Amino acid sequence: MDRQQSDGESAAVEDVVVLVNGNGVVTAENHLLTVNHSMASSSLDHRVFGRKENLVLAYKTLGVVFGGLVTSPLYVYPSMPLKSPTEDDYLGIYSIMFWTLSLIGVVKYASIALKADDHGEGGTFALYSLLCRNINIGILSSKRVESNSSLLSTNQYGESEKQSRLGKFFERSLVSRRVLLFIAILGMCMLIGDGILTPAISVLSAMDGVRAPFPSVSKTLVEALSAIVLIALFMLQKFGTSRVSFLFSPIMGAWTLFTPMVGIYSIIKHYPSIFKAISPHYLFRFFLRNGKEGWLLLGGTVLCITGSEAMFADLGHFNRSSIQIAFLFAIYPSLVLTYAGQTAYLIRHPNDHDDGFYKFIPSAVYWPVFVIATLAAIVASQSLISATFSVIKQSVVLDYFPRVKVVHTSSSKEGEVYSPEVNFILMILCVAVILIFGDGKDIGNAFGVVVSMVMLITTILLTLVMIIIWRTPPILTALYFITFFVMEGIYVSAVFTKIPEGGWIPFAISFILAFIMFGWFYGRQRKIEYEVTHKIDLDRLRLLLSDPGVQRVPGLCFFYTNIQDGLTPILGHYINNMKSLHQVTVFTTLRYLLVPKVAPHERIVVKKLGLKGVYGCIIQYGYADSLGLEGNDFVTQVTDTLRDHISNCSDEEALISSDDAEIFDLEAAKLAGVVHVRGKTRFYIGKNCSWFDRTMLAFYEVLHSNCRPALPALGTPLPQRIEVGMLYEA
């Protein structure tokens with residue numbers, strides 16, 4: 001398998017990385033450079049597909065998008081604390097699940113949310129990105145770039161419009177912008193929490209099927225077996241999913257087909273009139289009859305919609321039509337029939353709800369269903385684990401998360417990644433959840449918090465998109481917001497009562513992750529703001545070098561910078577204190593592109609900067625490229641490219657010296673010695689800083705001190721590395 005890895009490439013490499021975001025714009029931290037959108041985006045949503053292609057894509061979504069959703073029948077009923085339930089209780093519960101699937105699954109996600117993509121990308125953070133591209137709601141004013149102003153005044157159809165009142169409010173209020181960013185980050189962290197809980201509850205619920213034919217098997221043994229399966233699954237992550245991905249969709253397809261067939265059998269045998277529960281009056285009667293107890297049961301029924309967020313979050317890997325086809329014509333009918341069959345069985349056997357999913361499976365097909373269920377649980381786990389890696393990787397690349405190592409396990413799929421540190425932490429947390437909270441109800445409570453919070457956050461952000469960008473008529477926006485905010489708010493209020501009983505697990509994990517991401521992002525943006533404000537332009541560099549006390553010393557220097565239309569302020573700090581600059585200095589920037597590989601002739605781009613012996617160099621690389629160049633090899637490639645550029649440059653670009661003399665100076669500098677200089681910056685937090693800046697920047701410095709170092713993948717020898725320390729005034 002073609003596996004490419006990098007420490008620095010996985011990150012916004014400290015002070016040197018140039019990034020490509022999802023809207024086809026390259027950001028050199030704070031600078032925009034237009035690129036070909038077809039190179040920058042891997043989204044399929046902008047391609048035109050025929051009916052056949054959409055059907056093929058819809059089939060593929062079964063193994064990637066809907067793993068969590070279609071395996072939810074394994075644990076929904078066992079997660080409910082039912083006490084002597086009656087026939088009317090079960091009819092009311094099924095009515096709740098039917099309308100939850102219909103309103104949230106069909107109306108909210110399949111019909112509305114899928115249209116709120118950010119250039120084909122979905123998820124809570126895509127909604128935030130969409131808002132950022134249309135109004136200035138970055139937490140720092142420096143994030144707004146004039147070259148992108150044309151994007152900020154147009155709607156999704158390219159029509160120029162005046163800013164809405166709500167948009168102007170967010171632009172004026174720093175507190176509201178910070179709150180909105182934190183909400184978006186919290187939603188993404190809840191998805192990461194989903195990656196912890198889905199493997200735990202899916203595998204545990206599937207393995208629990210062993211106890212039916214073998215009653216002597218204890219729950220402790222089931223928990224141990226589940227932990228072993230999960231450990232094996234996490235140990236295999238380093239090999240990637242390409243070799244086994246072709247198995248995913250057939251497995252989930254078999255599960256999607258098999259469970260409703262069993263459901264139909266159960267309906268016919270036990271309670272043929274189950275579909276009368278579709279009438280909403282059973283739902284209202286359930287709450288009138290059970291009161292507070294019925295409200296508390298919502299913490300279990302919300303799990304029927306588990307994984308629906310993946311429809312939106314995984315939009316970038318497929319397209320809108322394929323996801324809608326798969327959900328509306330396969331997943332939704334399958335779940336409706338499966339839950340109907342389970343409910344029909346429980347109406348006739350009301351005391352079996354604690355015994356899990358397998359009780360309603362006929363003995364003749366028990367073992368085939370058990371095998372398929374176990375494989376489906378593993379596939380669902382794999383999908384969420386892979387999605388977590390992808391979320392972490394994108395967060396790191398976009399500078400929302402501290403640097404971690406990322407390994408690309410496929411040379412053709414940008415999203416197929418693996419992170420050793422993240423994998424180890426996920427494995428520990430998943431196994432701990434099973435061994436410490438082995439009771440399905442406790443894990444279900446935790447899962448309910450994740451599901452309900454992500455849905456509510458999506459509703460809030462989508463409402464803002466409707467108001468600010470789509471300009472949806474107020475009555476329709478109000479209808480959407482009131483319906484789903486009230487519905488999901490009730491779910492959230494119910495699951496929050498379960499926080500002492502396991503519900504605190506994902507909430508604590510997500511809150512910690514959100515704080516880490518917010519702190520890292522805020523610190524990075526403050527550094528960018530300082531660098532842009534204090535950047536060194538060529539006129540300033542010429543003035544610095546004209547000082548008689550500044551000497552041009554022999555040697556070749558690679559000075560790393562992340563600024564495109566200027567130079568890092570560390571350069572001025574370096575020259576003022578060292579009183580020197582190397583005879584040949586190459587200001588080097590790394591540029592990360594969301595393409596598999598950059599052609600060799602496009603890898604290194606050089607240019608003269610108008611001063612003798614001073615050059616600019618951009619190193620471009622894709623997600624499947626390796627930056628593991630040895631120091632001498634890296635230097636040789638750059639100097640060879642410089643030599644060719646000097647020889648071929650036009651008369652207007654020529655310097656005072658001749659080409660031959662310039663090439664001679666370059667070779668002489670290389671022979672005199674090579675040095676790599678990069679900045680190591682810290683914040684100086686003065687007494688005038690606000691308490692918010694003091695707290696967040698101090699936290700950022702802790703993260704910065706403990707994350708992976710920058711530039712390890714360039715292979716520069718240690719004796720040639722120089723770090724220039726500088727304090728940035730906060």
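Hi everyone. Since the model is predicted, local features need pLDDT of at least 70 and side-chain atom pairs count only at pLDDT 80 or more, while totals for chains, interfaces and linings use all residues. Residues are numbered from 1 along each chain as its sequence is written, and side-chain values use heavy atoms, with hydrogens and water left out.

Let's start with helix α8, residues 174-207. Helices here are DSSP runs of H or I with at least four residues, strands are runs of E with at least two, and both are numbered from the N terminus. The axis of α8 comes within 8 Å of that of α19 (residues 504-533), and the two cross at roughly 130°. Axes are lines fitted to C-alpha atoms, for helices over the stretch in contact, with angles from 0 to 180 degrees between N-to-C directions. α8 and α19 are therefore oblique to each other; under 35 degrees would be roughly parallel, over 145 roughly antiparallel, 65 to 115 roughly perpendicular, and the rest is oblique.

α8 also packs against α16 (residues 420-436), at an angle of about 50° with the axes 9 Å apart. That makes α8 oblique to α16 as well.

Now to the salt bridges, meaning a side-chain nitrogen of Lys or Arg within 4 Å of a carboxyl oxygen of Asp or Glu. How many are there by this rule? The count comes to 12.

One of them joins D117 and R320, at 3.3 Å from N to O. D117 sits in the loop between α4 and α5 and R320 in helix α14, so this pair ties together parts 203 residues apart in sequence. Is D117 buried or exposed? D117 counts as buried, at 14% relative accessibility, whereas R320 is partly exposed at 26%. The cut-offs are under 20% relative accessible area for buried, over 50% for exposed, and partly exposed in between, with a 1.4 Å probe and protein chains only.

Next, R678 and E723 form a salt bridge with their closest N and O atoms 2.5 Å apart. This pair links strand β11 to strand β12, 45 residues apart. R678 is buried at 11%, and E723 is partly exposed at 47%.

Finally, look at P272, in the loop between α10 and α11. P272 is exposed, with 59% relative accessible area, and its C-alpha is 7.7 Å from that of A344, 72 residues away along the chain. Thanks, everyone!
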